[in-house]
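User: I have a two-chain model open and want to learn how to read it. Please take me through its features one at a time.

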Amino acid sequence: MEKKELEKKTHLFLALILGALIILILRLGFLQLVKADEYRTLARQNHLRLTRLFAPRGEIFDRKGIRIVSNRPVYTISLTGLDLKESAQVVNYLAGLLQGEKSFQGKTKEQIETEIQAKIIKFTKNKDIEEKFSLYEPIKIACDITPQTIFKIEEQRYQLPGVVVDVEPERKYPYGDLLVPVVGYIGEINERELAAHKDEGYYLKDLIGKEGLEKFYEPYLRGIPGARQMEVDALGRPVRDLGISDAVPGNNLFLTIDARLQRLTQDALAQGIKRALATGYPEARAGAAVVLSVYSGEILAMASYPTYDPNIFVGGIREKDWAKVNEKKALINRALARYPPGSTFKMVTATAALESKKISPSYVLNCTGYYKYKKDWKPGGHGRVDLRKALQVSCDVFFWTLGGLTGPEKMAYYAREYGLGQKSGVDLPGEEAGRVPNPAQKYGKWQEELVRVQKEIDQIKQENQGSRGKLADLERKKSKIEWELKWREYDTLDMAVGQGDNYYSPLQLANYLAAIVNGGIVYRPYLVKKIVTPDGRLLRKVEPQKVHKANVSSQTLKIIKEGLHLVTLPPGGTAAGVFAGAPYKAGAKTGTAEVHGHDNHALFLAFAPYEKPEIAVAVVIEYGGKGSGVAGPVARQILDGYFDLDKTKLTLAPKETGQSLTNQFPAQNKPPELKPRKLTIHREVYQE
Amino acid sequence: MLGATLIIIFFSLIMIGSATLEYTPESLRQFENLNIFLRLLHLDYTYFSKQILWIFLGFGVMALMVYVPYEDIIKQARFLYVLNLFMLIMVLFVGHTALGAQRWIQIGPLTFQPSEFAKLLIIITFAAFLAKREERLNSWSGLWPCFLYIGLPFIIILKQPDLGTSLVLIAIMFGMLFFAGAKPAHLLVLLGIGIIFTAGIFTVHMYLHQAQDSLEKQILVLRPKEKIISQVGDKDEAKEKNVKLIALEEKYQAISEYHKLFHRYTLKEYQMNRLTIFLNPQKDILGAGYHIWQSLITVGSGGLVGKGFLEGTQSHFTFLPIRHTDFIFSVVGEEFGFLGALFLLSLYFIILYRGTKIIIQARDNEGVLLAGGIVTMFVFQVFVNIGMTIGIMPVTGIPLPLFSYGGSNIIMNLAALGLLLNIYTRRKKIIF
């Protein structure tokens with residue numbers, strides 16, 4: 001072979017070798033220099049696990065420090081590293097250990113195993129396949145595990161790679177349905193809520209207040225979740241702890257509620273409904289009662305019936321329970337629901353007539369039992385009545401006359417002056433304004449209807465089909481609506497006695513009564529008196545807040561107050577029977593609101609003591625029939641209880657679920673210190 | 001060259017000791033307080049000491065290879081070729097299976113891998129074979145016997161299956177033909193045909209595979225529809241759907257038959273998958289792509305200077321599989337970064353550069369061919385192994401010469417280097 005040729009070949013060969021090496025170096029440079037950060041992140045995700053530590057939620061106490069909602073620690077078991085070959089064995093082994101646990105009661109090992117597998121499959125299916133690192137997110141497979149089982153698991157750690165034991169705080173309601181549904185409930189955050197609270201550091205599987213106080217005070221109650229960072233090997237076994245940032249418990253709420261009065265109110269309401277059922281009102285199945293402090297707006301008790309045991313929500317509600325609660329509509333806080341006020345509205349009519357000078361305080365009317373085409377509730381009438389007497393006997397004819405004299409605009413104005421038809425500003429979610437009728441409101445309501453019918457007619461005409469009969473029907477409907485557009489005299493009369501389009505919540509009614517008897521001041525009713533941090537520091541103190549001073553003279557208020565006092569007195573007072581033998585002087589107003597096609601709603605407003613009012617009570621019993629006979633005794637019971645609370649014998653818990661006050665969450669006693677050491681949390685774990 | 005070799009081997013020993021070390025919480029805490037030299041004392045010495053044994057053995061063989069004149073070795077070519085074939089066939093019958101392939105023979109307490117030695121034996125015997133027929137190589141007809149000569153051991157090794165080694169044989173063949181005087185144009189044409197053929201196989205397979213998948217999906221969608229319509233829909237529509245379904249099913253049957261047939265004569269489904277996964281390892285990061293994906297993370301996370309000796313999270317937390325053999329380069333990349341990898345590559349370059357110089361200096365054709373074969377083998381293995389760890393080559397099970405753990409690997413490569421030195425010591429004396 002020619003030497004020259006060989007050299008040429010060798011040089012070519014050397015060039016090839018160099019080329020190959022350069023390819024390698026370029027690729028290495030790309031990986032290690034250009035994309036190094038990306039791969040570093042991936043490597044970190046491989047070997048670092050970030051576990052969230054749930055913060056105990058703040059607890060809820062009554063005004064005297066009785067714990068209404070508390071926490072207790074429970075052990076939970078989660079699985080990580082589902083990519084492991086061993087995971088099937090681990091689940092099998094774990095199933096054996098979990099046998100006999102409360103959450104797996106009466107199930108065989110095989111059943112438990114399939115249940116766990118199903119959970120895992122559900123979890124992985126839920127996740128986007130692209131989101132590969134969800135494999136490292138722990139999946140909770142069991143809650144509320146006994147310490148004995150936890151010991152067993154810890155002993156056999158090595159056979160159980162990927163099994164994680166955590167302690168999580170869980171809600172506990174030691175007194176069952178006390179203050180339900182006002183406290184509301186918590187649950188796992190759903191996608192909509194997650195989107196809404198994205199910037200506040202919520203993640204999937206976090207708990208969030210869904211209703212009531214739990215929802216309204218969520219930012220205070222929630223606390224700050226902590227995190228633990230662990231280094232793990234390929235099998236998911238922890239290698240070392242890289243640091244922990246402790247969870248900070250949420251703040252505690254101290255309510256204006258008096259737990260004992262609350263229990264008494266709930267019991268009284270429940271008994272009242274039972275009584276209504278017993279006395280021939282079969283539809284009476286629900287109701288509400290509100291007790292307000294007259295000079296501050298503090299809500300001392302707020303009851304809604306029916307209730308439920310909030311403990312069913314703990315650790316995720318079962319479908320069966322959810323269906324049951326929903327069927328009863330027990331989640332609705334009826335103290336905020338809207339009811340027609342019936343005769344309890346008559347104080348507004350009286351105010352309107354006096355304030356607009358349509359009548360003088362000494363105005364007297366001879367009630368014959370008729371006003372134009374309308375008939376009084378009492379056949380034959382009440383004879384000669386003045387304003388006080390008219391309130392005492394709830395004379396319809398008198399108030400119809402007043403309504404006719406003053407007109408709807410004035411009545412609506414004074415209703416608003418007392419805070420009716422407006423949001424009271426109570427610290428609960430989902431409050432509605434209620435409705436005060438007036439010509440404009442009526443016109444608006446029917447106008448909408450008219451537009452709808454007109455559209456239907458147009459459509460039929462355009463398509464030129466459909467029977468003549470249907471079109472005629474619609475035309476008739478249209479002319480009726482056109483007639484309804486206008487405010488008519490009967491609207492005024494209905495309004496004057498609290499019928500028609502009047503709708504107010506029991507809370508608004510109680511507040512309205514309070515305003516009448518406290519000299520015309522509308523307070524903001526509220527439930528939370530103060531918010532205290534877990535280490536006992538006062539975070540926020542809520543002072544009584546005057547929302548509005550009603551534009552009503554003190555003389556008018558005085559006359560009405562006297563009238564309300566007369567209601568409780570014989571002879572003739574509609575609530576005289578209710579208050580017979582009471583050791584205190586009171587004022588009250590009955591209300592029986594007509595409901596089309598049903599029994600009447602029973603309403604009752606009361607305050608006491610008459611001389612220097614302390615509390616105002618509103619009771620509503622749906623389809624309860626009669627204000628005085630059904631709702632009245634409930635209010636009397638509440639007032640009696642209020643004045644004699646220390647001597648009244650009470651168990652706070654409903655009898656069947658009575659529990660002691662022990663078993664509090666340990667973190668409560670010793671507030672955890674915030675470690676100064678800063679933990680760098682690798683956000684990518686969650687964001688990718 | 002010898003110096004570079006020694007450094008590589010020393011480096012390799014440390015990396016093997018590092019790669020096989022697994023952390024425990026206690027040991028990790030200890031490391032953090034140690035400097036590099038103290039850390040050396042904490043290596044995992046089980047594989048380390050075994051490897052030292054192999055290295056001494058390797059140097060012994062190397063010395064032997066330097067001492068015996070290579071002409072004498074080449075004279076035994078015929079015998080060596082038969083011995084080689086015999087050993088390879090032995091593997092098929094009494095071989096020891098590991099990692100899904102039958103590659104090892106057990107003799108007493110030792111296992112050894114004939115396919116490793118086959119590489120060197122082929123170089124020696126092929127050199128003798130080519131030297132005899134040098135002038136006939138510039139025509140097509142002269143090339144055919146060469147293919148047969150290499151083809152026989154190639155097929156036996158492929159049968160084990162050891163695709164990596166058989167590819168090395170192909171590379172050696174091309175390299176040696178190049179130096180033996182075959183026309184470069186011929187070689188390029190052959191290479192082109194090979195590439196087109198391989199690509200063809202994969203394309204056909206991909207087509208069959210996708211066709212089968214899409215038919216399966218269509219059938220799965222259509223079947224319940226047909227059922228519902230046949231129960232409640234009108235008859236014509238049901239009939240139409242039924243006909244369509246039957247047609248689809250027939251087509252599916254045919255395609256899956258072809259698919260099966262295809263796999264019987266070529267590679268199996270999982271093998272194909274393993275060969276192509278490096279193009280997109282994320283497609284299946286827990287299955288076929290796991291090795292490559294973890295290796296990419298390992299190398300990439302090393303960055304410029306690496307995470308530091310014994311501080312690689314990927315290797316010590318056992319994310320990276322087979323890290324002391326095939327994927328040992330990833331450990332280098334992780335712990336010493338781009339600079340470490342560059343250092344190792346330059347060491348290899350020194351050896352290869354010296355190797356090519358020896359090709360020129362060789363006394364006779366046999367020497368040229370031997371040296372050419374050895375250098376080709378070296379560069380191919382280095383390129384494919386490192387390429388595999390950084391995701392530009394398929395995972396084929398080729399070790400990193402002189403670096404990966406394994407007795408056969410180290411002995412064979414040292415022997416090959418010995419042969420190179422042999423050629424060097426008997427080089428042309430340039431007389432002025």
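User: Where is confidence lowest and where is it highest in chain B?

Analyst: pLDDT is the predictor's confidence in each residue, from 0 to 100. Where pLDDT is low, the predicted coordinates should not be read in detail. In chain B, helix α2 (residues 25-32) is lowest, at a mean of 58, and helix α16 (residues 365-389) is highest, at 92. The average for chain B is 83, and 90% of the residues score at least 70. For the model, ipTM is 0.86 and pTM is 0.62.

User: How many helices and strands are there in chain A?

Analyst: Both are DSSP runs numbered from the N terminus: helices are H or I with at least four residues, strands are E with at least two. Chain A has 21 helices and 23 strands.

User: Which strands form the open sheet of five strands in chain A?

Analyst: Strands of a sheet pair through backbone hydrogen bonds, either parallel or antiparallel. Here two strands count as paired if DSSP finds at least two bridges between them. The order is β12-β11-β23-β22-β21 in chain A, with antiparallel pairing. β12 (299-305) and β21 of chain A stand at the edges with a single partner strand each, so one side of each has no neighbour in the sheet.
β11 (residues 287-293) and β23 (residues 615-621) of chain A are antiparallel over seven bridges, with Ala288(A) opposite Val620(A). β21(A) and β22 (residues 601-608) of chain A are also antiparallel over seven bridges, and there Thr592(A) stands opposite Ala602(A).

User: Why is β21(A) described as largely enclosed?

Analyst: A residue is buried if 20 or more other C-beta atoms lie within 10 Å of its own, exposed if 12 or fewer, and partly exposed in between, with C-beta atoms placed from the backbone. Seven of the seven residues of β21 (residues 587-593) of chain A are buried, so the rest of the structure largely encloses this strand.
In a regular strand the side chains alternate between the two faces of the sheet. Gly587(A), Lys589(A), Gly591(A) and Ala593(A) point one way from β21(A), and Ala588(A), Thr590(A) and Thr592(A) the other way. Across chain A, 43% of the 688 residues count as buried.

User: Which residues have the most contacts inside the largest nonpolar core?

Analyst: A nonpolar core is a set of buried Ala, Val, Leu, Ile, Met, Phe, Trp, Tyr and Cys residues joined through C-beta atoms within 7 Å. The largest has 134 residues, and Ala289(A), Val290(A), Leu513(A) and Val617(A) have the most contacts inside it. Helix α18 (residues 506-517) of chain A gives this core its largest share, nine residues.

User: How many residues does each chain bring to the contact?

Analyst: Two residues are in contact if their C-beta atoms, placed from the backbone, lie within 7 Å. Chain A brings 33 residues and chain B 40 residues. α1(A) gives the most to the chain A side, with 17 residues.

Notes:
Residues numbered from 1 in each chain as written. Chains lettered and ligands numbered in written order. Predicted model: local features only at pLDDT ≥ 70, side-chain atom pairs only at ≥ 80, totals over all residues.
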